[in-house]
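Please read this briefing alongside the sequence and the model. It begins with the chain as a whole and then turns to particular helices and residues.

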Amino acid sequence: MTEALQTFEVTEPLRLFWWKGKPNFGDALSKIVTAYAAGRPVRHARPKYCEMFGLGSILQIAERNYRNPSENGNRPWVWGSGMMESIGLGFRQNVRICMVRGPITASLMGIKSERYGDPGLLTAEALPAAGPREDKIGLLVHHSQLGDPRIQAALQAEPRLYYIDVQGKPETVCAEISKCAHVISSSLHGLVVADAYGIANTWLDPEGHARLKYYDYAASIGRVLPVPLKMDDIVAALPQLSQGALPYVDGIAKAKATLLEHFPAELRGAPKHTPVASGA
């Protein structure tokens with residue numbers, strides 16, 4: 001069935017595109033944080049008919065669908081989206097860019113803007129922490145690494161390690177992350193959500209997966225991101241893991257405020273959210 005492009009009042013669900021190729025809490029989280037920022041319901045829409053591209057490394061999908069002006073006149077917003085690698089730039093005039101995920105994305109797109117932020121940083125506001133912190137180390141792996149025998153070996157060797165399945169529902173995964181003392185993740189949004197809850201976290205090697213998005217995100221909040229932890233070194237690294245306050249908390253607060261302040265006004269419902277104050 002062809003999905004007709006329509007103009008809705010703000011009480012109707014916002015038409016948002018997010019990647020649904022494989023079950024992944026990070027992509028599904030887009031609906032939740034966008035609904036929070038918009039103050040209205042959100043539903044999934046195909047790229048040609050969406051009003052917004054938000055959370056995720058999805059600009060290559062926007063580029064494929066908007067190299068030429070849309071036949072239906074649609075010009076979706078880009079709000080905090082990122083990329084996996086450099087892409088063609090001809091689509092920029094056929095979409096409306098209010099902000100992107102980080103300065104690497106902005107540079108590769110030739111955007112003269114310093115407004116950055118991953119929408120996943122709004123998780124703690126959209127999904128408050130599920131309870132007090134527990135003495136466990138959350139372990140999340142990118143969907144391409146699911147079933148790796150080295151993960152099973154680490155879990156058997158160290159009781160404090162707690163496996164969190166990225167294929168779970170975002171509400172469940174985020175609740176589990178919120179109760180951890182520390183998080184180790186090769187999933188980008190495992191790191192982003194941990195940051196959102198103020199939980200110290202360590203980047204685990206995504207191995208063959210592209211690294212641009214990790215550095216892009218880190219640069220957006222002023223986070224120092226050294227080389228990732230190797231899969232074989234997880235257990236040995238546990239005694240050195242920090243559990244204190246994040247040193248880049250001001251960068252997180254600034255990104256949160258920017259995401260709310262620059263959410264497209266025409267897509268907002270009511271009430272509007274008060275921007276998060278820097279340093280909060």
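How far apart are the mean positions of the positive and negative charges of the chain? In this predicted model, the mean positions of the 30 positive and 27 negative charges are 5 Å apart.

**The chain as a whole**

- The chain is built with 10 helices and nine strands, and its radius of gyration of 19 Å is close to the 19 Å that the globule rule gives for 280 residues, so the chain is as compact as a globular protein of that length.
- Taken along the principal axes, the box filled by the C-alpha atoms of the chain is roughly 55 × 40 × 35 Å.
- Of the 280 residues in the chain, 54% are buried, and the accessible surface of the chain comes to about 12300 Å², with 52% of that surface belonging to carbon and sulfur atoms.
- Among the contacts in the chain with a separation of 6 or more, 68% are between residues 24 or more positions apart.

**Helix α10 and what covers it**

- Helix α10 runs over residues 249–261, and its 13 residues reach 18 Å from the first C-alpha to the last, which is close to the 18 Å expected at 1.5 Å a residue.
- The buried residues in α10 are G251, I252, A253, A255, K256, A257, T258, L259 and L260.
- The cover over the buried residues of α10 includes the helices α1 (25–38), α4 (123–126) and α7 (188–196), together with the strands β4 (77–81) and β5 (96–100).
- E125 and N65 are 60 residues apart in sequence, and their C-alpha atoms are 32 Å apart in space.

- S30 is found in helix α1, where its relative accessible area of 0% makes S30 a buried residue.
- Leaving aside neighbours within four places in sequence, S30 is in contact with L16, W18, G54 and L55.
- Although S30 and G120 are 90 residues apart along the chain, their C-alpha atoms are separated by 7.2 Å.
- N24 has its place in the loop between β1 (14–17) and α1, and N24 counts as buried because its relative accessibility is 15%, with the cut-off for buried being under 20%.
- The C-alpha atoms of N24 and H189 are separated by 9.7 Å, while the two residues are 165 residues apart along the chain.

**Helix α7**

- H189 is itself one of the buried residues of α7, which are L188, H189, G190, L191, V192, V193, A194, D195 and A196.
- Helix α7 is therefore mostly covered, since nine of its nine residues are buried, buried meaning under 20% relative accessible area.
- After α7 comes G198, which has a positive phi near 75 degrees.

- T105 is placed in helix α3 (residues 103–109), and T105 is buried, with a relative accessible area of 0%.
- Beyond its neighbours within four places in sequence, T105 is in contact with L59, S81, G82, M83, V100 and D216.
- D216 is in turn among the buried residues of α8, which are K213, Y214, D216, Y217, A218 and S220.
- The cover over the buried residues of α8 includes α3, α7 and β9, and α8 is followed by G222, whose phi is positive, near 70 degrees.

- Most residues other than glycine have a negative phi.
- E207 is not a glycine, yet its phi is positive, at about 55 degrees.
- This residue, E207, is found in the loop between β9 (201–203) and α8 (212–220), and at 32% relative accessibility E207 counts as partly exposed.

Conventions
Residues are numbered from 1 along each chain as its sequence is written. This is a predicted model: local features need pLDDT of at least 70, side-chain atom pairs count only at pLDDT 80 or more; totals for chains, interfaces and linings use all residues. Side-chain values use heavy atoms; hydrogens and water are left out. Helices (H or I, at least four residues) and strands (E, at least two) are DSSP runs, numbered from the N terminus. The radius of gyration is taken over C-alpha atoms; the globule rule is 2.2 Å times the number of residues to the power 0.38. Buried means under 20% relative accessible area, exposed over 50%, partly exposed in between (1.4 Å probe, protein chains only). Contact means heavy atoms within 4.5 Å. Accessible areas come from the Shrake-Rupley method with a 1.4 Å probe; for residues, only the protein chains shown count as cover. Lys and Arg count as positive and Asp and Glu as negative; His and the chain ends are not counted. The place of a charge is taken as NZ of Lys, CZ of Arg, CG of Asp or CD of Glu. The expected span of a helix is 1.5 Å times one less than its number of residues.
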